[in-house]
Every structure is written in structure tokens, then in C-alpha cells.
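Thanks for making time this morning.

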Amino acid sequence: VAHAPRNVHRKIPTLAELEAEAKTTAATNDDDLPGLQLRVLTSTLVPGSMLVEKDEEWNFDSLLREITNELSDVPK
């Protein structure tokens, strides 16, 4: 008989923590790996503020109807 699993609490990092870690990692990788220039990549990424959209209410029936109409209008 197997032992019951332990309930391990794992902290999920916040977006701010992940961004701070990414900036630190990118900075150290640029210095640690001379052939790899991450500054070019990080300077062209879209900032998070441009990715945030306002919440819109929806219901299943209207969304299903809208998607069905879009799919049926696609030329085959």
C-alpha cells in the first residue's frame, strides 16, 4: 500500500518577481556568455503594459454563436 502524498505548499511567484528575476538573469547571461547578446531580444519584446486588455463580460451562448458564424464564413 502506497503512502498518502504530503501536502506541500508551493509559493507561486508573482509577475513582478518573475520580471525582476528575468531582468537579473538577462543581465548576467549577457556578461557570462560573451557570444550571446540578450539585450537585442529584451529591447524588442512588447512591454507587459501593452499586453493587458480590459475584461469583457461574455456568456457561453453568444460566444458560441459568434465563433460558429466566423467558422462558417471561412472560404473552403
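Glutamate 17 and lysine 11 form a salt bridge, with their closest N and O atoms 3.0 Å apart, where the term stands for a side-chain nitrogen of Lys or Arg within 4 Å of a carboxyl oxygen of Asp or Glu. Side chains of opposite charge can pair when their charged atoms come close. Glutamate 17 is partly exposed, at a relative accessible area of 37%, while lysine 11 is exposed, at 59%; here buried means under 20% relative accessible area, exposed means over 50%, and partly exposed lies in between, with a 1.4 Å probe and protein chains only. How many salt bridges does the structure hold? It holds one.

Before going further, let me be careful about the basis: this is a predicted model, in which local features need pLDDT of at least 70 and side-chain atom pairs count only at pLDDT 80 or more, whereas totals for chains, interfaces and linings use all residues. Residues are numbered from 1 along each chain as its sequence is written, and side-chain values use heavy atoms, with hydrogens and water left out.

Now the chain as a whole. Its secondary structure comes to four helices and zero strands, helices being DSSP runs of H or I with at least four residues, strands being runs of E with at least two, and both numbered from the N terminus. Of the 76 residues in the protein chain, 4% are buried. The chain exposes about 7900 Å², of which carbon and sulfur atoms supply 59%, the areas coming from the Shrake-Rupley method with a 1.4 Å probe and, for residues, with only the protein chains shown counting as cover.

In helix 1, which covers residues 15–32, we find glutamate 19, and this residue is partly exposed at 40% relative accessible area. The C-alpha atom of glutamate 19 is separated by 9.7 Å from that of glycine 48, although the two are 29 residues apart along the chain.

Helix 4, finally, has 14 residues and reaches 20 Å from its first C-alpha to its last, close to the expected 20 Å, a span defined as 1.5 Å times one less than the number of residues. Leucine 63 lies in this helix, residues 60–73, and counts as partly exposed because its relative accessibility is 32%. At the start of helix 4, a side-chain oxygen of asparagine 59 comes to within 3.3 Å of the backbone nitrogen of aspartate 61.

Note on methods: A polar contact is a pair of N or O atoms within 3.5 Å; within protein, one must be able to donate a hydrogen and the other to accept it, and residues adjacent in sequence count only if both atoms are side-chain atoms.
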